[in-house]
Amino acid sequence: MSSRTGWALAAACAVLLGASGDALATAGVVFVHGTGDQSPSSAVGYWTQSSIDTMRNGRPYLVVGYPGASCAGYSQCSWGPIVDQVVPWATANGITSYTVITHSNGSSPLRYMLGHTGAVSAQGRPVSAMTSKISQVIFSAPDLTGTPLADQVTTSGSFLNIANSIVEFFGGGSYNNPAVVQQRTDNMRVFNSNGTFAGTQGATTVGGKPISVVRGNRVYANLFSSDAHCGGYLYTIGLKAASLLGWGSFNASTDGFIGSDSSGYFGNIIIDDGRLNHHQSRRSCHNSGNLIGQKVAAAPIPPPANQTYPPETNVAAAGQACNNYYSGYAYDFMTGNTVYKYGCSASQLNNGYMEPDCLIAYGYSSSYRIPSTASWNPYLNASYYQTWTQVCPDSWAGDGICDACLVAKYGFDATTGASGANDCVQSPPGGSNFCGALAWDTYYGIHNYVVVEALH
């Protein structure tokens, strides 16, 4: 660890508006996920229960699961299971009408069904049995004309090093699956022109159903902003990289995955937010879930230009510079091994245990607080440093790495010199900083102090 310096130098809501009690008893909401093979239960995780509850606005709901990666949107194995889940649910619960909310390529099976109401599912149900009860469709981040990302990853001989955090938007990493091939821009031009997918450019209804569109138009990745962290910061930086490289759109603004030229191909755009990236559009970020909930309730919402948002919340530099809120896999620059970063979820913060990343992210963990040199502090406990002989020496201060243990010890990790700058502050846009923290080394099978990179 003593050679780290040289290495570092080198490397509010409208609830139930406009709806009567009788309407709530018969009007429901159906959620259709995007690319990815999901079961109904796993699809709840795709949206998250809190986001579902915000958007459904008190109405009965159904979260469908279907083979959204291994089946293209026009295939019976894609739209068929949706029909076979929605129709029995509506019948059993006395649902006479429902709003359908889709995310990403979940728009494709809906478009197929709206244009082919006479098609029949594998269980013998006509599509019309579902579409006849649709009152409106809300497409969130829809891929209506394809994405250059699909072109990149399905072109023979091409290589695209895509961030792990956005691999799931391709259905988990199988880039050449039918749903991704379907989303190629050349294929979508054909499907849009030959009637495979209903909906013409500029239309506000499809198959007689009103279409609303929720979209973001850029990726906002200010590390010290709660806006960027909504839904998970690693998704934000992955989508930011995609947008900077032009993968999300050839010639238009983008949410990182879908260009505004694709998401705005048709439909009435009800949200057009510069802070809402592709991932966040399914997580109700930046008030989008509340606005969707108002649309579900047929309540008026202001046009995008007049929409207001709660102010973003600035968060502590020590917590954000190393993204100690996030749990997930990362690359350890000390050993070259893959490590699992503990992170700190809201449930961990006050669970009665001493959670290392909670100490740094929030300044406390249950009843413990920093700075502290107490023996219970895991950052100062030799048993957590399996392969290192030194436990957080003061010589690490100001070496260019944001050391979580020094923040725990003193409340800061100061850069040496007259400026008094902090190693844990945000780097310029497009830059990065290196962060030392405790994580699980998946190679050695031990917890250890590691160095990971935070992108900005």
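Which residues of helix 10 (residues 185-193) are buried?

## Helix 10 and its buried side

The buried residues of helix 10 (residues 185-193) are Thr185, Met188, Phe191 and Asn192, where buried means under 20% relative accessible area, exposed over 50%, and partly exposed in between, with a 1.4 Å probe and protein chains only. Helices (H or I, at least four residues) and strands (E, at least two) are DSSP runs, numbered from the N terminus. This is a predicted model, in which local features need pLDDT of at least 70 and side-chain atom pairs count only at pLDDT 80 or more, while totals for chains, interfaces and linings use all residues. Residues are numbered from 1 along each chain as its sequence is written, and side-chain values use heavy atoms, with hydrogens and water left out.

Seen down the axis of helix 10, the buried residues fall within an arc of 115°, so they line one face of the helix; the arc is that of the directions from the helix axis to the C-beta atoms. These buried residues pack against helix 6 (107-115), helix 8 (148-154) and helix 9 (178-182), contact meaning heavy atoms within 4.5 Å. The face turned away from the buried side of helix 10 carries the exposed residues Arg189 and Ser193. Just after helix 10, glycine 195 takes a positive phi of about 90°.

## Aromatic pairs

A pair of aromatic rings is described by the distance of the centres and the angle of the planes. Rings of Phe, Tyr and Trp (its six-membered ring) pair if their centres lie within 6.5 Å, and planes under 30 degrees apart count as stacked, over 60 as edge-to-face and the rest as tilted. By this rule the count comes to 19 aromatic pairs. In one of them, the rings of phenylalanine 31 and tyrosine 61 have centres 6.4 Å apart and planes at 85°, so the pair is edge-to-face. This pair links distant parts of the chain, with phenylalanine 31 in strand 1 (residues 27-32) and tyrosine 61 in strand 2 (residues 61-63), 30 residues apart. Phenylalanine 31 is buried, with a relative accessible area of 0%, whereas tyrosine 61 is partly exposed at 29%.

The rings of tyrosine 443 and tyrosine 444 have their centres 5.1 Å apart and their planes at 80°, so this pair is edge-to-face. Tyrosine 443 is exposed, with a relative accessible area of 61%, and tyrosine 444 is partly exposed, with 49%.

Ring pairs link Phe31, Tyr46, Trp47 and Tyr61 into a cluster. The charged end of arginine 282 sits over the ring of tyrosine 46, at 4.2 Å from its centre, where a charge sits over a ring if NZ of Lys or CZ of Arg is within 6 Å of the ring centre and within 35 degrees of the ring normal. Arginine 282 also lies over the face of tyrosine 235, at 6.0 Å from the ring centre.

## The surroundings of threonine 254

Threonine 254 lies in the loop between helix 12 (233-244) and helix 13 (260-263), and this residue is buried, with a relative accessible area of 8%. Leaving out residues up to four places away in sequence, threonine 254 touches Gly216, Asn217, Arg218, Val219, Ser243, Gly248, Ser249, Gly259 and Ser260. A polar atom of the threonine 254 side chain lies 3.1 Å from the backbone oxygen of isoleucine 258. The C-alpha atoms of threonine 254 and glycine 274, which are 20 residues apart along the chain, are separated by 9.2 Å.

## Disulfides

A disulfide is a covalent bond between the sulfur atoms of two cysteines. Counting a pair of cysteine sulfur atoms within 2.5 Å as a disulfide, the structure holds four. One of these joins cysteine 71 and cysteine 77, with the sulfur atoms 2.1 Å apart; the torsion about the S-S bond is about -125°, so this disulfide is left-handed. Cysteine 71 is buried, with a relative accessible area of 8%, while cysteine 77 counts as partly exposed at 37%.

Cysteine 344 is joined to cysteine 358 by a disulfide with an S to S distance of 1.9 Å, and with 90° about the S-S bond this link is right-handed. Both cysteine 344 and cysteine 358 are buried. Cysteine 392 and cysteine 405 form a disulfide with their sulfur atoms 2.1 Å apart, and their link, with 90° about the S-S bond, is right-handed.

Note on methods:
Polar contact = N/O pair within 3.5 Å; in protein donor to acceptor, adjacent residues only side chain to side chain.
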